[in-house]
Structures are given as C-alpha cells and as structure tokens.
Amino acid sequence: MPVKEFHAEKIYYPIGEVAEMFGVNISQIRYWSNEFDILKPTTNKKGTRYFKKDDLQNLRLIHHLLKERKFTIEGAKKHIKENRSKAFEKLEMIQSLEKVKSFLIEIRDKM
C-alpha cells in the first residue's frame, strides 16, 4: 500500500496523523520509534510523540524495508546502519518509478 503524502508546510506531525499516513496503528509507530535510533520524535509533557519531516523520511524507509521488502526488525536495523544512503537512494528510485507507473496507467485508462 502506498504511503500517503505529507504536507511540507507543517513542522510537527502528531503520531495519529503519522500512523494514518503509513496505514499502520499508532502502536506500530511507537514501536518503531523505540526500536530505530534514526527516529527522534519530540514529546510533550504528556508524552505524546510529534514527528518532524526528517522523521517521516526515516519512517518511509523503515516502512518500505519492513512492509514492502519484508525485512525483520533486526535486518532492517542492520541494513540502515550499513547502507543508509544507498537505501534512501533505492527508495527514492522506487517511489519515482511508482509515480511514473501510476501516470502511465492513468493515460492508458483515458484512451
């Protein structure tokens, strides 16, 4: 399932909104933020997590590795640690290709 786009003008995204973007439960986002040290959400006095744009990019990578490429948590951690920049490059390439595919399907369906 494709991840929903996020609005660049926002600085902080509440955990509920983030969970909705990624199509997962809030508890899943909490778990990932505890497991992956590349996620650094801000918390308020009540303990509510708020995510910045960088966190969302990191969550995209985590989501891709776990949900689409079927990595284990430990496998994803290792992959990110050893190949972080390459992993981001591959993810960006995949996302670009998915947009092109959607565009081409849309053109085909209009014919």
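1. Axes are lines fitted to C-alpha atoms, for helices over the stretch in contact, with angles from 0 to 180 degrees between N-to-C directions.

2. This is a predicted model, in which local features need pLDDT of at least 70 and side-chain atom pairs count only at pLDDT 80 or more, while totals for chains, interfaces and linings use all residues. Residues are numbered from 1 along each chain as its sequence is written, and side-chain values use heavy atoms, without hydrogens and water.

3. Helix α2 (residues 26-35) packs against helix α4 (residues 73-110) at about 50°, with the axes 12 Å apart. The two are therefore oblique to each other. In this pair, Y31, W32 and E35 of α2 meet I73, E74 and K77 of α4 (contact means heavy atoms within 4.5 Å). The contact of α2 with α4 has three nonpolar, no polar and three charged residues.

4. The axes of α1 and α3 come within 11 Å and cross at roughly 40°. On the α1 side the contact uses V18, M21 and F22, and on the α3 side L56, L59, R60 and H63.

5. What does W32 touch beyond its neighbours within four places in sequence? W32 is in contact with V24, L39, L59, I62, H63, L66, K67 and I73.

Notes
Helix = DSSP H or I, 4+ residues; strand = E, 2+ residues; numbered from the N terminus. Parallel < 35°, antiparallel > 145°, perpendicular 65-115°, else oblique. Nonpolar A, V, L, I, M, F, W, Y, C, P; charged D, E, K, R; others polar.
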